[in-house]
Amino acid sequence: MELLKRKILEEGRALNDHVLLVDSFLNHQVDPELMRAVGEEFAARFADAGVTRVVTIESSGIAPAVMTALAMKLPMVILKKSPSAILQDGILQTEVFSFTKNAAYQLTLKRKFILPGDRVLLIDDFLANGEAAFGGIRLMEQAGAQVAGIGAVIAKAFQPGLKKLRDAGYRVEALAPVKRMAENTIEFE
Ligand code: 5GP
């Protein structure tokens, strides 16, 4: 997606060879026009996938996921990272190791928001090692749903997540696949 790649080159910053900072339009400040275009792109790429629900992980996946759900006219569900006192009954959980926080958290879903037989499109801001995506997949399986596809706004293709997911048979669309990074250098596939 050219618009997104241009934005990454203009405003993104590679901190080192594996961490990309895009907090001026995706992770902290959000560019709503760009997010709308991202949502329309995911909707077009997964138009034939029979998706019934869009699912993301809080918090940076929410902006692209809600725009995707809007474009596809589907409901959207946020998987929570922190156990909440008000979540209580009927919850499903799985442990996920966070790439950016270097710590594990319990990815949590209230069961009633995913129905058995749902075909889910998982959307996230970044795909790196695939820990978050595989955590989302485990929760969808526990809920009796199928993962129809996985959409990453940015995928660092030199890290193992993208290949692992595709090798496991999942359809993955990455709008900006990064081939290589070094301090202040970003190259796309
Ligand atoms: P994974 O679970 O695939 O290893 O990592 C995915 C999660 O880690 C994403 O949801 C994202 O929040 C975070 N992440 C991974 N790599 C980067 C990165 O280079 N920059 C930023 N800002 N977040 C990242």
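Helices (H or I, at least four residues) and strands (E, at least two) are DSSP runs, numbered from the N terminus. With that in hand, here's a tour of a predicted model, where local features need pLDDT of at least 70, side-chain atom pairs count only at pLDDT 80 or more, and totals for chains, interfaces and linings use all residues. Residues are numbered from 1 along each chain as its sequence is written, and side-chain values use heavy atoms, with hydrogens and water left out. We'll start at the ligand and then visit some loops, a helix contact and a few distances.

**Around the ligand**

- The ligand has 16 residues around it, and the closest are Leu20, Asn129, Gly130, Ala132 and Lys156. To be near a molecule or strand, a residue needs one of its heavy atoms within 4 Å of it.
- Which element gives the most to the shell around the ligand? That's β7, with four residues.
- β7 covers residues 119-127 and α4 covers 131-142, and each of them supplies at least two residues of the shell.
- By type, the shell splits into seven nonpolar, five polar and four charged residues. Here Ala, Val, Leu, Ile, Met, Phe, Trp, Tyr, Cys and Pro count as nonpolar, Asp, Glu, Lys and Arg as charged, and the others, Gly among them, as polar.
- As for where it is, the ligand sits in the largest pocket. "Sits in" has its own rule: more than half of the molecule's atoms lie within 2 Å of the grid points of the cavity or pocket.
- A pocket is worked out on a 1 Å grid over the protein atoms alone, as an open set of points with protein on both sides within 12 Å along at least five of seven lines.

**Ligand atoms and the backbone**

- A ligand nitrogen is 2.7 Å from a polar backbone atom of leucine 20.
- For alanine 132, a backbone N or O atom is 2.8 Å from an oxygen atom of the ligand.
- On its own, the ligand has 510 Å² of accessible area, and the protein covers 90% of that. Such areas come from the Shrake-Rupley method with a 1.4 Å probe; for residues, only the protein chains shown count as cover.

- The peptide bond from glutamate 58 to serine 59 is cis, with omega near -5°. You'll find serine 59 in the loop between β3 (53-57) and α3 (62-72).
- Asparagine 102 has a positive phi, near 55°, and is a residue other than glycine. Its place is in the loop between β5 (91-97) and β6 (104-110).
- Is asparagine 102 buried or exposed? It counts as exposed because its relative accessibility is 59%. The cut-offs are under 20% relative accessible area for buried, over 50% for exposed and in between for partly exposed (1.4 Å probe, protein chains only).
- Asparagine 184 also isn't a glycine, and its phi is positive at about 65°. This asparagine is in the loop between β9 (172-182) and β10 (185-188), and it is exposed at 58% relative accessible area.
- Glutamate 183 lies in the loop between β9 and β10 too, and with a relative accessible area of 58% it is exposed.

- Aspartate 167 belongs to helix α5, residues 161-167, and is exposed with a relative accessible area of 55%.
- The side chain of aspartate 167 makes a polar contact of 2.6 Å with the side chain of lysine 163. A polar contact is a pair of N or O atoms within 3.5 Å; within protein, one must be able to donate a hydrogen and the other to accept it, and residues adjacent in sequence count only if both atoms are side-chain atoms.

**Distances along the chain and in space**

- Arginine 138, in helix α4, is partly exposed at 33% relative accessible area.
- Arginine 138 and leucine 107 are 31 residues apart along the chain, and their C-alpha atoms are separated by 9.9 Å.
- Leucine 107 is in strand β6 and counts as buried, at 0% relative accessibility.
- From leucine 107 to glutamate 41 is 66 residues in sequence and 27 Å in space, C-alpha to C-alpha.

Methods
1 Å grid on protein atoms, 1.4 Å probe; cavity = no way out; pocket = protein on both sides within 12 Å on 5 of 7 lines; lining within 4 Å.
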